[in-house]
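Dear colleague,

Please find the structure below, handed over for your records. My findings follow it.

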Amino acid sequence: MQQSGSGAPDAPAAREDVAEALEQLAFLAVRHLTNRDISFTAASTLGRLNREGPARLTALASDEGVTQPSMTQLIQRLERQGLVTRIADPADGRVVRVAITDDGRALLAARRRSRTAQLAELLATLSPEDEEALATAVRAAGPAFQRLVESAARARRSPGSNAS
């Protein structure tokens, strides 16, 4: 990390260092810890339904950055697998919402357990010093990571946002 003449870290360089580390973590997660049992969009959609509750198909398509016909096909596949169900909107019976099923929740939990086990195996390959350094970093950065995730979610939902 570069430092300014005053000895303080250079903020743009520090941001680049953090961005690079997060990029490496994303690569690890996507390439080495992702189960291939369902697509990324299917897993993301199930996760969203699990966190936020039932949603309209149009909202899911918009949130996932896919066309409505593509989301319709995905929901039909997930429905055939018993992972989601369609329910009437309590506020407007003409509107259909998509909800995750208990089987969908079970699939997400199994995927999470698998990723955790894979990560534990990878962590076991590190030296005790490296493991402790990561544990210290996670404890220190955890709240900032949470705020970063929340900020990204807000930016994605805000009108006129070009976040993808």
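Which are the buried residues of α4? They are M71, L74, I75 and L78, where buried means under 20% relative accessible area, exposed over 50% and partly exposed in between (1.4 Å probe, protein chains only).

Please note that this is a predicted model, in which local features need pLDDT of at least 70 and side-chain atom pairs count only at pLDDT 80 or more, while totals for chains, interfaces and linings use all residues. Residues are numbered from 1 along each chain as its sequence is written, and side-chain values use heavy atoms, with hydrogens and water left out.

Overall architecture

The protein has six helices and three strands, arranged along the sequence in the pattern α-α-β-α-α-β-β-α-α. Helices (H or I, at least four residues) and strands (E, at least two) are DSSP runs, numbered from the N terminus. Of the 164 residues, 21% count as buried.

Helix α4

Seen down the axis of α4, the buried residues fall within an arc of 100°, so they line one face of the helix; the arc is that of the directions from the helix axis to the C-beta atoms. These buried residues are covered by elements including α2, α3 (57-64), β2 and β3 (92-100). On the face turned away from the buried side, α4 carries the exposed residues P69 and R80. Just after α4, G82 takes a positive phi of about 80°.

Packing of α2 and α4

The axes of helix α2 (residues 40-52) and helix α4 (residues 68-80) come within 11 Å and cross at roughly 75°. Axes are lines fitted to C-alpha atoms, for helices over the stretch in contact, and angles run from 0 to 180 degrees between N-to-C directions. From α2, the contact (heavy atoms within 4.5 Å) is made by T41, A42, T45 and L46, and from α4 by M71, L74, I75 and L78. By class, this contact has six nonpolar, two polar and no charged residues. Here Ala, Val, Leu, Ile, Met, Phe, Trp, Tyr, Cys and Pro count as nonpolar, Asp, Glu, Lys and Arg as charged, and the others, Gly among them, as polar.

Residue D89

D89 lies in strand β2 (residues 84-89) and is buried, with a relative accessible area of 10%. Not counting residues up to four places away in sequence, D89 touches V95 and R97.

With kind regards
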